[in-house]
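Biologist: I'm new to this one. Can you show me what we have?
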Amino acid sequence: MKKILFYEYITYTCVVFLILLIAVWNVFLYPPENLPRVIPAILYNIPLLIIMVKLNKNNFSTYIITSYVMLFYFVIGVGNTTTQNSFYFGIIIAITSLAAFTSSIFYVREKDKKSIKD
């Protein structure tokens, strides 16, 4: 399998996993006490859903934007590790967003190498 295809699959899988994890956590496992259950799930997932749709087109710039957005989710994950009830949730989000960040950066590097050769 080509490297570029591998990085593409890893990035897409991590984004889908983040969407599912955030939705399940905020709606079913630990819903917020003072907001409706769906509000945090929608607010956290809107950028991921936009990225997921745009990743299907395999644009070079989409993977660059994905790497920046994944840094935001890494900060969210690290922030969630400070409380006792969301420690594992924060660790999983931080690791998954870091994996999506590195795979999108590697995708951009491989695509750039390929364009330089051509």
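Here is a short walk through the chain, then one of its helices.

Modeller: Bear in mind that this is a predicted model.

Biologist: Fine. How many helices and strands are there in the protein chain?

Modeller: The protein chain has 4 helices and 0 strands. From the N terminus, the order is α-α-α-α.

Biologist: What box do the C-alpha atoms fill?

Modeller: Roughly 55 × 25 × 20 Å, along the principal axes.

Biologist: And what share of the residues is buried?

Modeller: Of 118 residues, 35% count as buried. The chain exposes about 7500 Å², and carbon and sulfur atoms supply 69% of that area.

Biologist: Switching to helix 2. Where does helix 2 bend?

Modeller: At Asn-45, by about 40°. Pro-47, a proline, follows within four residues.

Biologist: How far does helix 2 reach, first C-alpha to last?

Modeller: Helix 2 covers residues 38-55, which is 18 residues, and reaches 25 Å. That is close to the 26 Å expected at 1.5 Å a residue.

Biologist: Which residues of helix 2 are buried?

Modeller: Pro-40, Ala-41, Asn-45, Leu-48, Ile-51 and Leu-55. So Asn-45 is on the buried list, and the bend is at Asn-45 too.

Biologist: What covers those buried residues?

Modeller: The cover includes helix 1 (3-29) and helix 3 (60-80).

Biologist: Last topic, charges. How many positive and negative side chains are there?

Modeller: There are 10 positive and 5 negative ones. The centres of the two sets lie 4 Å apart.

How values were computed:
Residues are numbered from 1 along each chain as its sequence is written. This is a predicted model: local features need pLDDT of at least 70, side-chain atom pairs count only at pLDDT 80 or more; totals for chains, interfaces and linings use all residues. Side-chain values use heavy atoms; hydrogens and water are left out. Helices (H or I, at least four residues) and strands (E, at least two) are DSSP runs, numbered from the N terminus. Buried means under 20% relative accessible area, exposed over 50%, partly exposed in between (1.4 Å probe, protein chains only). Accessible areas come from the Shrake-Rupley method with a 1.4 Å probe; for residues, only the protein chains shown count as cover. Lys and Arg count as positive and Asp and Glu as negative; His and the chain ends are not counted. The place of a charge is taken as NZ of Lys, CZ of Arg, CG of Asp or CD of Glu. The expected span of a helix is 1.5 Å times one less than its number of residues. The bend at a residue is the angle between axes fitted to the seven residues ending there and the seven starting there. Contact means heavy atoms within 4.5 Å.
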